[in-house]
Amino acid sequence: MGIFVLGILTFIILYGAFLTYIPFVISDKFGYGSGKIGLILSLSSVMTAIVASQVGRISGKFGSVNVLKFAFLLYMLVSFAIPFINSIFIFLIPILLFGTAQALNFPNLQTMLANLAPDNQRGIFMSLNGMNLRIGQTIGPLIIGLGFSYGGLKGAYFLSAIVAILGLFILFTMHYKKKG
């Protein structure tokens, strides 16, 4: 259950805070239009690809749960930092850190879930995971929107940080033991 919930939380952060509100932050603070916003957001994806290419080695060295803890810590730090950054060059740091968190998080969650699933039920587990991710994708903007409605962009990102803290709590309290 913890892995399923972590997947939902990941997509709440991704679709709620990052993809929904980062364009507004970049536009409001730095006056950039859609082209530059897209370019800045793409830096996160490039970082995700670079780090993801090494995630097997990283997880092998530090363990999947520890790597996930670091990813959720990055989500929390990025979420707390974004409202206070007033330089576009410094703003690129949390964008890159978010990409790093995504690369450390999502492949590990998938691998952990596949390792837990009985061989004859792996498809069901992965299908349920896909459904949970869509739940996070759907409710993410609504949940983070609550933070925005109470505190503007700062409220949205503070609520995102709380979601990341919830992920950390789950990781520190769950017991993961892969089969075999």
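Phe106 has its place in helix α5. The model described in this report is predicted, and every value below was computed from it. Phe106 has a relative accessible area of 28%, so this residue is partly exposed.

**Aromatic pairs**

Eleven aromatic pairs are found when the whole structure is searched. In one of them, the ring centres of Tyr21 and Phe148 are 5.1 Å apart and the ring planes stand at 25 degrees, so this pair is stacked. The reasoning rests on a cut-off: planes under 30 degrees apart count as stacked. Tyr21 belongs to helix α1, residues 2–30, while Phe148 belongs to helix α6, residues 122–173; the pair therefore ties together parts that are 127 residues apart in sequence. The two partners can also be described by their accessibility. Tyr21 counts as buried, because its relative accessibility is 8% and buried means under 20%. Phe148, with a relative accessible area of 37%, is partly exposed.

A further pair is formed by Phe30 and Tyr32. Their ring centres are 6.3 Å apart and their planes are at 45 degrees, so the pair is tilted. Phe30 counts as buried at 17% relative accessibility, whereas Tyr32 is partly exposed with a relative accessible area of 24%. Tyr32 also takes part in a contact of another kind: the charged end of Lys36 sits over the ring of Tyr32, at 4.9 Å from the ring centre.

Aromatic residues also gather in a group. One aromatic cluster is formed by Phe18, Phe72, Tyr75 and Phe98.

**The nonpolar core**

The largest nonpolar core contains 53 residues. Which residues have the most contacts inside this core? They are Ile22, Phe72, Phe91 and Tyr157. At least two residues of the core come from each of the helices α1, α2 (34–52), α4 (64–81), α5 (88–116) and α6. Helix α1 provides the largest share of the core, 16 residues.

Ile124, Leu128, Met131 and Ile135 make a nonpolar surface patch of about 340 Å². Met131, one of these residues, is found in helix α6. Its relative accessibility is 45%, so Met131 counts as partly exposed.

**Distances along the chain and in space**

The table gives the C-alpha distances.

| Residue pair | Apart in sequence | C-alpha distance |
|---|---|---|
| Asn66 and Phe172 | 106 residues | 9.3 Å |
| Leu116 and Ser160 | 44 residues | 28 Å |
| Met126 and Ala114 | twelve residues | 7.3 Å |

Asn66 lies in helix α4 and is partly exposed, with a relative accessible area of 44%. Leu116 has its place in helix α5; at 33% relative accessibility, Leu116 counts as partly exposed. Met126 lies in helix α6 and likewise counts as partly exposed, at 28% relative accessibility.

What is the C-alpha distance between Asn66 and Phe172, which are 106 residues apart in sequence? The distance is 9.3 Å. For Leu116 and Ser160, 44 residues apart along the chain, the separation is 28 Å.

Methods. Residues numbered from 1 in each chain as written. Predicted model: local features only at pLDDT ≥ 70, side-chain atom pairs only at ≥ 80, totals over all residues. Heavy atoms only, no water. Phe/Tyr/Trp six-rings, centres within 6.5 Å; stacked < 30°, edge-to-face > 60°. Helix = DSSP H or I, 4+ residues; strand = E, 2+ residues; numbered from the N terminus. Buried < 20%, exposed > 50% of the residue type's maximum accessible area, 1.4 Å probe, protein only. Lys NZ or Arg CZ within 6 Å of the ring centre and 35° of its normal. Patch = residues over 30% accessible without salt bridge, like charges linked within 9 Å, V, L, I, M, F, W, Y side chains within 5 Å. Areas by Shrake-Rupley, 256 points an atom, 1.4 Å probe, with all protein chains shown as cover. Salt bridge = Lys/Arg side-chain N within 4 Å of Asp/Glu carboxyl O. Core = buried A, V, L, I, M, F, W, Y, C linked by side-chain atoms within 4.5 Å.
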